[in-house]
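Hi everyone, thanks for coming. Let me put the model up, and then I'll walk you through a few spots in it.

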Amino acid sequence: MPRRNPKATSTGRYTFSITMVILKRAFDLVVSTLVILGVLSWLLPLLAWLIRRDSPGPVFFVQKRVGKGGKLFACCKLRTMVVNPHADQHPVLSDDARITPFGSWLRLSHLDELPQFFNVFMGSMSIVGPRPYMPADCRRFSAIVPETAFREKVKPGITGMSQSKGLHGIVCDRSTIFQRYHWDAYYVDKAGFGLDMQILWTTFLHLLPRRRRQVAAPGSPSAASDRISVLHLEKRKAPVQWSHDHK
């Protein structure tokens with residue numbers, strides 16, 4: 001346990017110096033700026049044309065998500081579904097008819113997440129952190145996992161510990177939910193610049209077609225059990241504000 005520094009920012013059981021906070025923000029700004037200018041400046045117009053050609057509706061899908069401190073922010077993604085009134089309440093299923101043909105490819109390639117670099121640049125997200133959930137998902141998950149608000153102690157990220165473990169996609173059964181929160185809890189306790197670099201490298205390997213691995217089966221040695229997850233998560237408490245901020 002590191003010695004508490006009165007000038008440090010606290011997350012979970014660990015404290016982080018202001019220098020580390022500045023380093024993480026500087027990294028976010030540099031990388032997001034390079035991606036926006038070097039990639040999104042030419043790729044977004046092309047993807048926008050393909051999205052509009054595939055189905056009628058806006059190019060971007062903007063949805064309220066729960067961020068640091070439980071505050072809601074507008075999370076920006078490329079639209080992968082037909083326009084529908086249930087997007088904020090009903091999560092996407094594996095055979096969801098709302099997903100467009102091109103949207104299915106965007107999800108598979110994770111290119112639908114690219115506009116979130118604008119969120120990183122503006123400061124509502126980080127490149128690495130727990131994935132932001134919509135309020136409806138937070139309510140559902142809180143009925144399964146105790147004290148879920150510990151995730152709100154850090155900024156949400158484009159990728160995170162759960163994603164580096166292969167826990168991404170639309171599979172969202174009880175075991176997967178526990179494993180995601182288990183690894184998010186690990187990140188909140190251990191977060192640091194070195195861990196962020198490790199997560200980014202592992203995420204990159206997962207994006208390679210030949211390196212994509214299946215999520216560990218429930219009960220396997222590499223999977224976080226329900227009991228382990230609960231023991232970790234029961235110790236985390238943070239104020240839940242999003243229910244009051246939701247408009």
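E147 has a relative accessibility of 32%, so it counts as partly exposed; buried means under 20% relative accessible area, exposed over 50%, and partly exposed in between, with a 1.4 Å probe and protein chains only. This is a predicted model, in which local features need pLDDT of at least 70, side-chain atom pairs count only at pLDDT 80 or more, and totals for chains, interfaces and linings use all residues. Residues are numbered from 1 along each chain as its sequence is written, and side-chain values use heavy atoms, with hydrogens and water left out.

Back to E147, then. You'll find E147 in the loop between helix 4 (135-142) and strand 6 (157-159); helices (H or I, at least four residues) and strands (E, at least two) are DSSP runs, numbered from the N terminus. As a reminder, most residues other than glycine have a negative phi.

H110 also has a positive phi, about 65 degrees, and is not a glycine. H110 sits in the loop between helix 2 and helix 3 (116-122), and its relative accessibility of 27% makes H110 partly exposed.

Now the chain as a whole. The chain has 9 helices and 6 strands, and 46% of its 247 residues are buried. Of the contacts between residues at least 6 apart in sequence, 71% join residues at least 24 apart, where contact means heavy atoms within 4.5 Å.

On to helix packing. Which residues of helix 1 meet helix 2? They are L47, L50, I51 and D54, which meet P101, F102, G103 and L106 of helix 2. By class, that contact has 6 nonpolar, 1 polar and 1 charged residue; Ala, Val, Leu, Ile, Met, Phe, Trp, Tyr, Cys and Pro count as nonpolar, Asp, Glu, Lys and Arg as charged, and the others, Gly among them, as polar. The axes of helix 1 (residues 18-54) and helix 2 (residues 101-109) come within 8 Å and cross at roughly 140 degrees. Axes are lines fitted to C-alpha atoms, for helices over the stretch in contact, with angles from 0 to 180 degrees between N-to-C directions.

With helix 7 (residues 193-207), the axis of helix 1 comes within 10 Å and crosses at roughly 30 degrees, so helix 1 and helix 7 are roughly parallel to each other. Here M20, L23, K24 and F27 of helix 1 touch F193, D196, M197 and L200 of helix 7.

Last, T100, in the loop between strand 4 (72-78) and helix 2. Is T100 buried or exposed? At 5% relative accessibility, T100 is buried. Leaving out residues up to four places away in sequence, T100 touches D54, S55, T80, M81 and V82.

That's my tour, so over to you for questions!

Conventions
Parallel < 35°, antiparallel > 145°, perpendicular 65-115°, else oblique.
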